[in-house]
Amino acid sequence: MSQSISAARVATLAGDFNRSPAYVGLASALRELIGDGRIGYGTRLPSERDLTAALGVSRTTVTRAYAVLRDSGYAEARHGSGTFTRLPGGATRAHDRALWPTDVSAGVIDLVCAATTAPPGIAAAYAEAAAALPAHLGNHGYYPAGMPDLQAAIAASYDERGLATSPDQIIVTVGALAASAVVGSALAGPRDRVLVESPTYPNAVQALRTGGGRIVTIPLDPEGWDLDAIGGVLAKRSPRLVHVMPDHHNPTGLVMADKERAAYARLLARHGATAVVDEAHHTIRLDGAPAQRPFASYAKDAVTVGSASKSVWGGLRLGWIRAPHGLVDRLTRARVGLDLGAPVFEQLVLTRLLTGDFDAVLDAHRLRLREQRDALIAALGKELPDWTFRKPAGGMALWCRLPHAGATALSVEAERHGVLLAPGPSFAPEGGLDRYLRLPFTVPVRDLEEAVRRIAAAWRVVTSAAPGSPSEPPRDRRTGVLVA
């Protein structure tokens, strides 16, 4: 079943488009919405009659706008079914490196990987863990659900946030992606749908496919979660799992308000879907705002995934699952099918961090990220003032909106200038978002400032040379004819 979008929603998204002539302005607005992913790939557009009424334009305007979309590769007509969105070249994620780490040559600045070096205090925790390790060498070292002391420490962290949790609800894994893979393997088989946002973290999408679940998407509005649209998708697609990142969403940086969490949880309960809550960034609050209540405090059957790799250090490859009691055995059995437990030494390290002065480690981590975020914002204001973004209250990256589509072309050109970038399509499971770019602020200030200078130079090349830039109307790729 294909996703559809109402005429009222299209009218809201299109806004006050250029009406001289109206059909060109409407077609341009719809192309941007489809390319950005705000109207998802494969979505059935409203009928011409309904959109005519919603926009207050003539039927001819909508008919001609839809024709322009079809001719330029942004829509297709299906006999007896209507007009559906598509993208030139298909639903591809071009130049996608966000799924794999890269080998970075000397002088190249890597802004693909959103991860920092270790904050102060980590070496001491490793030293303490090394001293404690001999006491554990006399047993087999397998802990499929995690070492009991670490399970208790993680459970206590949820208790402190107001979500009562017992140690036996915690399953320790080799990172958050391994945790997501366990959930996907246990709870979503080949006939089940898994709903994910677009944009979203692409590695999580891959992990949730482990059990064969079929991915369906819901566009994430730049201003936040459109609960009406989400409810419509839940009703039509009946997903088994719904992946949601309510805390410093990656890549957008959005934070879901408590009221939205409660409403979202009610929707999930109404439609029998289980939330997979990605909390990898929830500790990375940069502006002192109080933490929101855990999503699982509203959705009692939610499965929550956490990570030490973002809140501490990427080299500490530990994550965990917090599950309802009724799912623990099922998830543990699935976990054993993938591996038999996380390394003992790393578990000892994380236990010491969580039971020691963990706030001091987090404070140092946040301070550095805050300084780097502010430096990146200042550099963009100087070098690329026409780029727009929301200043994130936490997380590790800016989600930048470019003046026009071209993020993929920019990532190619930026590599020639010595910067590696992850363009918007890398975060769009079904394509689109080529007007967006994720810029992590996880490298030192001097590198960020140099990277922005190089990106600005690359952007000048792209905008001066690429078809479809402001200086030249877009052309049909096959015929070279200007597209209206």
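## Domain contacts, side-chain pairs and backbone features

Pro-199 is placed in the loop between strand E5 (193-198) and helix H8 (202-208). In this predicted model, the peptide bond leading from Ser-198 to Pro-199 is cis, with omega near 10°. A cis peptide bond also joins Ser-20 and Pro-21, where omega is about -5°. Pro-21 sits in the loop between helix H1 (7-14) and helix H2 (22-36). A further backbone feature concerns His-248, a residue other than glycine whose phi is positive, near 55°. His-248 belongs to the loop between strand E7 (241-244) and H10.

| Site | Angle | Value |
|---|---|---|
| Ser-20 to Pro-21 | omega | about -5° |
| Ser-198 to Pro-199 | omega | near 10° |
| His-248 | phi | near 55° |

At the level of domains, the chain is divided into domain 1 (7-85), domain 2 (92-115 + 360-465) and domain 3 (138-356). The C-alpha centres of domain 1 and domain 3 are 37 Å apart. Contact between these two domains involves six residues of domain 1 and four residues of domain 3. The size of an interface is often expressed as the accessible area lost when the parts come together. Between domain 1 and domain 3 the buried area is about 380 Å², with carbon and sulfur atoms giving 48% of it.

Polar and charged interactions are present at this interface. Two residue pairs are counted in polar contact between domain 1 and domain 3. By class, the side of domain 1 that touches domain 3 comprises two nonpolar, two polar and two charged residues. Two salt bridges are found across the interface of domain 1 and domain 3. The side chains of Arg-9 and Asp-221 form a salt bridge, at 2.8 Å from N to O.

Tyr-264 lies in helix H10 (residues 258-271) and Phe-295 in the loop between strand E8 (274-278) and strand E9 (303-307), so the pair ties together parts that are 31 residues apart in sequence.

Key
Residues numbered from 1 in each chain as written. Predicted model: local features only at pLDDT ≥ 70, side-chain atom pairs only at ≥ 80, totals over all residues. Heavy atoms only, no water. Domains from an automatic or database assignment. Contact = heavy atoms within 4.5 Å. Buried area = accessible area lost by both parts, 1.4 Å probe. Salt bridge = Lys/Arg side-chain N within 4 Å of Asp/Glu carboxyl O. Polar contact = N/O pair within 3.5 Å; in protein donor to acceptor, adjacent residues only side chain to side chain. Nonpolar A, V, L, I, M, F, W, Y, C, P; charged D, E, K, R; others polar. Helix = DSSP H or I, 4+ residues; strand = E, 2+ residues; numbered from the N terminus.
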